[in-house]
Amino acid sequence: LPRQERVLAVHWHPEFVPMPLIRQRIEATFPCCGQSLIIPTQHNEITTYGEYSGVEVDCYSAGFNQKVQLLLHFRAERKDRAGVLESMLAHTARYRARQLFDFLEVLTGRDEARLSAVAADTGAAEETILFARIHARKLSALLEKHQDDIPVDMLKNKLVRGFLDAQRPRYGDRLVTRVQAFAQSVKLRVKAGFPMRYFYRASEVIEEARGMGAGVVIPHPEQFWPILLADYDVDGYEVWNPQSQRYTEFLIDTLARKNRKGWNDRRQLVFMGDDTHMSEKLRNPDQGSDKVRREIGVQPAWDELGIRKRLLASGMDRACVIREYTERLNA
């Protein structure tokens with residue numbers, strides 16, 4: 001994108017891809033970049049790119065009785081003040097890892113009741129269920145065998161998807177695609193029943209972040225837009241995301257209205273998140289999800305005419321958000 005001179009990327013996941021390779025990719029994508037703010041946000045793990053560090057934290061909103069996520073950003077040298085936050089993140093990561101094992105518990109058939117319920121809801125064929133059960137048991141055995149060598153941050157639900165996709169050369173796309181759809185239904189059933197009470201509250205995470213001078217942004221507008229009503233102490237809201245585009249113009253107008261009425265001490269900024277997952281770049285693009293096409297800093301909504309009109313009316317654009325948020329993080 002040689003014509004893009006400003007890059008705002010404060011919601012993306014390096015995962016296990018080395019940061020020097022990511023830097024090469026970013027610099028190749030934006031050769032004429034003159035203004036930027038680029039901060040990685042690994043799930044529940046602080047990572048650093050240049051002068052800034054960031055993390056995407058899973059937490060719990062009691063007011064809405066649901067899990068929410070927060071993006072935290074801060075100068076890299078402040079990481080030595082993040083001891084308490086890192087302990088909170090370690091607890092959250094271990095708790096999130098439990099969801100993978102609950103997922104496998106159902107998929108292997110050890111939780112027959114929930115497996116049967118999903119089978120009844122989806123009408124999955126016996127062949128599909130048997131395939132899922134056998135390979136879930138294989139994956140469970142591998143996890144148990146290598147449990148001392150596997151980093152906690154690798155214990156994610158996407159392991160199941162990756163393991164099943166690895167069976168495509170042997171069993172063919174048609175069968176594995178059906179099994180993937182069934183496994184996805186099982187995952188959604190497990191996530192729906194996953195207890196939220198062991199997550200830290202959003203207010204606790206925000207308080208700790210503010211104590212170390214971090215900025216706070218609420219991502220995933222399609223999932224979390226009601227949190228606008230909670231008036232959390234945040235710097236802004238993500239109004240666009242590759243999987244969350246339905247409420248973009250509504251959210252811009254809502255933030256503009258809140259700012260005009262002075263509901264907060266400082267104005268709420270508009271953010272857009274590319275939500276790039278770098279591990280997806282290593283997948284076969286013919287079998288990958290829409291996440292394969294995401295790129296760090298590529299957020300076309302900034303340039304859509306209808307959205308630009310609303311942004312101008314609210315006194316914001318990519319340049320001013322980069323400038324103003326950078327000033328807050330450096331304060």
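Contact here means heavy atoms within 4.5 Å, and helices (H or I, at least four residues) and strands (E, at least two) are DSSP runs numbered from the N terminus. What you have above is a predicted model, where local features need pLDDT of at least 70, side-chain atom pairs count only at pLDDT 80 or more, and totals for chains, interfaces and linings use all residues. Residues are numbered from 1 along each chain as its sequence is written, and side-chain values use heavy atoms, with hydrogens and water left out.

Let's start with the overall picture. The protein has 12 helices and 10 strands, and its C-alpha trace spans about 60 × 45 × 40 Å along the principal axes. For 331 residues, a compact globule would have a radius of gyration near 20 Å, and the 21 Å of the protein agrees with that; the radius is taken over C-alpha atoms, and the globule rule is 2.2 Å times the number of residues to the power 0.38. Of the contacts with a separation of 6 or more, 71% are between residues 24 or more positions apart.

Now for burial. Buried means under 20% relative accessible area, exposed over 50%, and partly exposed in between (1.4 Å probe, protein chains only). By that count, 48% of the 331 residues are buried. The protein exposes about 16000 Å², with carbon and sulfur atoms supplying 50% of it; these areas come from the Shrake-Rupley method with a 1.4 Å probe.

Next, head for the loops. His11 lies between β1 (6-9) and β2 (12-13), and it counts as buried because its relative accessibility is 0%. The side chain of His11 makes a polar contact of 2.7 Å with that of Glu238. A polar contact is a pair of N or O atoms within 3.5 Å; within protein, one must be able to donate a hydrogen and the other to accept it, and residues adjacent in sequence count only if both atoms are side-chain atoms. Leaving aside neighbours within four places in sequence, the contacts of His11 include Glu56, His220, Asp274 and Asp275.

Asp275 deserves a stop of its own. It is found in the loop between β9 (269-272) and β10 (276-277) and is buried, with a relative accessible area of 2%. Most residues other than glycine have a negative phi. Asp275, though not a glycine, has a positive phi of about 50 degrees. Glu15, in the loop between β2 and α1 (19-29), also has a positive phi of about 50 degrees without being a glycine.

Arg294 counts as buried because its relative accessibility is 6%. A polar atom of its side chain lies 3.0 Å from the backbone oxygen of Asp275. Beyond its neighbours within four places in sequence, Arg294 is in contact with several residues, including Pro242, Gln243, Asp274 and Asp275.

That brings us to Pro242, in the loop between β8 (236-240) and α10 (248-260). Pro242 is partly exposed, at 22% relative accessible area. With neighbours within four places in sequence left aside, Pro242 is in contact with Gly273, Asp274, Asp275 and Arg294.
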